[in-house]
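Visitor: Hello! I am new to this structure and would like a close look at a single part of it. Could you take me to the place where the ligand sits?

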Amino acid sequence: MEGRAAAPGAGTVVNALATGRGAAFALDLETTATVTLDPDEEGVAGAIDGAPDGDTTLIERCVERVIDRYGAGEGGTVETESEVPTAAGLKSSSAAANAAVVATLSALGLEVANDPDADVTKTEACRVGVRAARDAGVTVTGAFDDASASMLGGVTVTDNREDDLLVSDDPFAEHALVWTPPERAYSADADVTACERVAPMAELATQLALDGDYARAMTVNGLAFSAALGFPTDPAVEAMAECDGVSLSGTGPSVVAVGNRDDLTAVRERWDERDGETRLTTTRERGARVL
Ligand SMILES: Nc1ncnc2c1ncn2[C@@H]1O[C@H](COP(=O)(O)OP(=O)(O)O)[C@@H](O)[C@H]1O
Ligand SMILES: O=C(O)C1=C[C@@H](OP(=O)(O)O)[C@@H](O)[C@H](O)C1
């Protein structure tokens with residue numbers, strides 16, 4: 001029994017660490033998971049391609065949780081390959097969890113679709129990955145905002161306190177520019193108290209997102225959370241006049257801008273002078289998929 005699936009990373013519209021409500025949008029950077037199941041095996045062994053010492057708890061918990069709920073006690077293996085840098089604010093954990101969950105469901109012969117008549121709906125599959133992320137301790141709120149954007153594609157607004165999907169919408173921009181500095185910031189280590197201090201600005205950004213003004217929501221969010229978490233605001237200031245929206249993504253350190261491709265190309269020249277990597281990519285309408 002084998003299953004393969006891919007899920008995209010995402011960028012932040014609103015960080016949920018201040019209020020529990022958040023919003024995110026899928027980016028065209030993918031993680032792929034391959035799962036093999038055997039009714040005679042016990043336990044699940046994980047591996048991350050290119051990271052022999054990487055922490056595999058999250059993907060193992062995803063497979064175990066799917067087997068507990070939909071399987072018959074199988075054991076097996078799960079391996080991921082990823083284009084999404086880890087702990088850079090681009091939702092590598094959500095992409096890995098969704099890919100692992102969908103690959104396991106596929107190995108069990110179950111159809112996952114954004115359709116109430118499917119064996120498993122995408123939203124329910126996404127909630128399994130969020131529970132696994134809580135088990136693995138890689139998240140503060142469960143990050144249902146990031147996980148739902150990765151699973152469903154487009155942009156989502158959620159209440160992570162209830163794992164409630166408030167909005168699921170088409171992408172609000174076609175092109176995205178991503179700057180990823182060399183350092184890493186694990187979400188589980190984020191200063192939540194500092195984030196809570198900017199709750200009034202997070203509320204404003206959430207209201208803008210609920211009104212469909214996702215790009216301005218991003219910019220308000222980015223200024224507030226960069227200040228709260230001690231990241232520089234100059235990358236956003238350098239981009240603001242030319243792009244539709246720009247924000248620190250998640251708990252950083254990546255910064256993501258959306259807008260017109262020519263304008264983003266001009267911003268890229270400035271961001272290229274900084275340490276780290278810039279990527280000109282696109283947003284994604286399609287979320288997780290079976291391969
Ligand atoms: N490709 C992967 N395979 C397995 N686990 C992964 C993978 N990518 C990320 N993770 C898990 O997610 C954690 C990083 O999560 P987090 O700090 O929230 O960063 P991000 O913002 O990129 O999601 C890693 O420590 C690891 O446990
Ligand atoms: O762990 C969490 O609950 C969250 C982590 C943050 O994302 P990153 O994982 O990208 O830092 C944030 O944007 C999200 O709304 C909630």
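Guide: Here is a walk around ligand 1 and the residues beside it. Please keep in mind that this is a predicted model.

Let us begin with the surroundings as a group. Ligand 1 is surrounded by 19 residues, and the closest of them are Thr80, Ala87, Ser92, Ser93 and Ser187. Sorted by class, this shell holds 10 nonpolar residues, 7 polar ones and 2 charged ones.

Now for some of the individual contacts. Ser187 reaches ligand 1 through its side chain, where an N or O atom is 2.5 Å from an oxygen atom of the ligand. Thr80 also uses its side chain: one of its polar atoms there lies 2.8 Å from a nitrogen atom of ligand 1. With Ala87, it is the backbone that takes part, as an N or O atom of that backbone lies 3.0 Å from an oxygen atom of ligand 1. As for cover, ligand 1 on its own has 570 Å² of accessible area, and the protein covers 92% of that.

Next, you can trace the shell back to elements of the fold. At least two shell residues come from each of helix H1 (57–70), strand E4 (75–82) and helix H2 (92–107). The largest share belongs to H2, which gives 3 residues to the shell around ligand 1.

Before you go, here is one further stretch to find on the chain. In an unreviewed entry, UniProt lists residues 227–273 as "domain: GHMP kinase C-terminal". In this model, the span 227–273 is 45% helix and 19% strand, and its end C-alpha atoms lie 22 Å apart.

Terms used: Residues numbered from 1 in each chain as written. Chains lettered and ligands numbered in written order. Predicted model: local features only at pLDDT ≥ 70, side-chain atom pairs only at ≥ 80, totals over all residues. Heavy atoms only, no water. Near = heavy atom within 4 Å. Polar contact = N/O pair within 3.5 Å; in protein donor to acceptor, adjacent residues only side chain to side chain. Areas by Shrake-Rupley, 256 points an atom, 1.4 Å probe, with all protein chains shown as cover. Helix = DSSP H or I, 4+ residues; strand = E, 2+ residues; numbered from the N terminus. Nonpolar A, V, L, I, M, F, W, Y, C, P; charged D, E, K, R; others polar. UniProt positions renumbered as here; feature names shortened; annotations may be inferred.
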